[in-house]
Amino acid sequence: MTVARRTLLALALALSASALSTPLVHAQDKKELTIGATAGSNIEVLRQGIKPLLEKRGYTVKLVEFNDYVQPNIALAQGALDANFFQHITYLNRFREDRGVDIVDVVQGPMAPFGIYSKKRKRLADVKPGDRITLANDPANLAHGLALLADQKLITLKPGADPIRVTEKDIAANPLNLKLQPIEAAQIPRTLDDAEYAIVNGNFAISSGLKLTDALLLEKTPDHYMLVLAVKGKDKQQPWTKALADAFRAPEFKAVLEQKFPGYARPAFLQ
């Protein structure tokens, strides 16, 4: 091999190595973040509390709004998002198992609590036989709604049933013969003109114009229903992921929650 050919080969190998290493460098030095969240409180928490903190640290943040519980994870898995904030760990674990995607939780965050709302009844105690109750139809939030009804003694779940995985098949007793109607979570607020009661996810309650104070009952949100920030597994140790987690833990973020999001459920470190 001539000197010229050896030189060209060495240059080609060097360029190849440089091309292979460039994405890693860009990933580590990433300063433009795209974060997805569901409409209402979840995206507003990011817009008012997290985005400003990240921008102070030199990041450019784009927020993408979703109106369902499937597309934010698909977009994250496919690389259209760097992170998302809309789901609790139970839903994330089930989605990861069902879809075979490598998505992991990073840090817990606040959420507008589940509530039972009504335009036809003034109190939950006014429930009558045969009343219709709408609730979310996706597995994790259906279980959440059923557990809330069981807590209020309106239904009884089978002994030993896992409250975070229950379905309608796990109802042991429904003494008032309540008509439970699972539908898409984002559509539940629209049922209030027809159904006697509606169990509404907090973020969709707010995005529809309801106030948390309008609820006949707001749950005391258990820890396993707190929302989590999620990223792809390969990105969990990235510097920008740490910056995101730090923003959620920042005293400035806590102050924003106390001022602008009263009544929201919060993890212990934000109390």
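Predicted model: local features only at pLDDT ≥ 70, side-chain atom pairs only at ≥ 80, totals over all residues.
**Helix α8**

I started with α8, residues 251–260, and looked up its buried positions: Phe-253, Val-256 and Leu-257 are buried. Looking down the axis of α8, I see these buried residues fall within an arc of 100°, so they line one face of the helix.

What covers the buried residues of α8? I noted that the cover includes α2 (41–56) and α7 (239–249).

**The sheet**

Then I turned to the strands. I have five of them in an open sheet, ordered β2-β1-β3-β12-β4, with mixed pairing. The edges are β2 (60–66) and β4 (103–109); each has a single partner strand, so one side of each is left without a neighbour in the sheet. I get an average twist of 30° from one strand to the next.

I zoomed in on one pair: β1 (residues 32–38) and β3 (residues 83–88) run parallel and are joined by three bridges. Which residue of β3 stands opposite Gly-36? I found Asn-84 there.

**Helices against the sheet**

I also looked at what packs on the sheet. Helix α3, residues 71–78, does, and it touches β2, β3, β4 and β12 (227–232). I put the direction of α3 at about 145° to that of β3.

Last, back to α7, already on my list for covering buried residues of α8. I see that α7 lies across β1, β3, β4 and β12, and the angle at which α7 runs to β4 is about 25°.

Notes: Residues numbered from 1 in each chain as written. Heavy atoms only, no water. Buried < 20%, exposed > 50% of the residue type's maximum accessible area, 1.4 Å probe, protein only. Helix = DSSP H or I, 4+ residues; strand = E, 2+ residues; numbered from the N terminus. Arc of directions from axis to C-beta. Contact = heavy atoms within 4.5 Å. Pairing = 2+ DSSP bridges. Axes fitted to C-alpha atoms, helices over the stretch in contact; angles between N-to-C directions.
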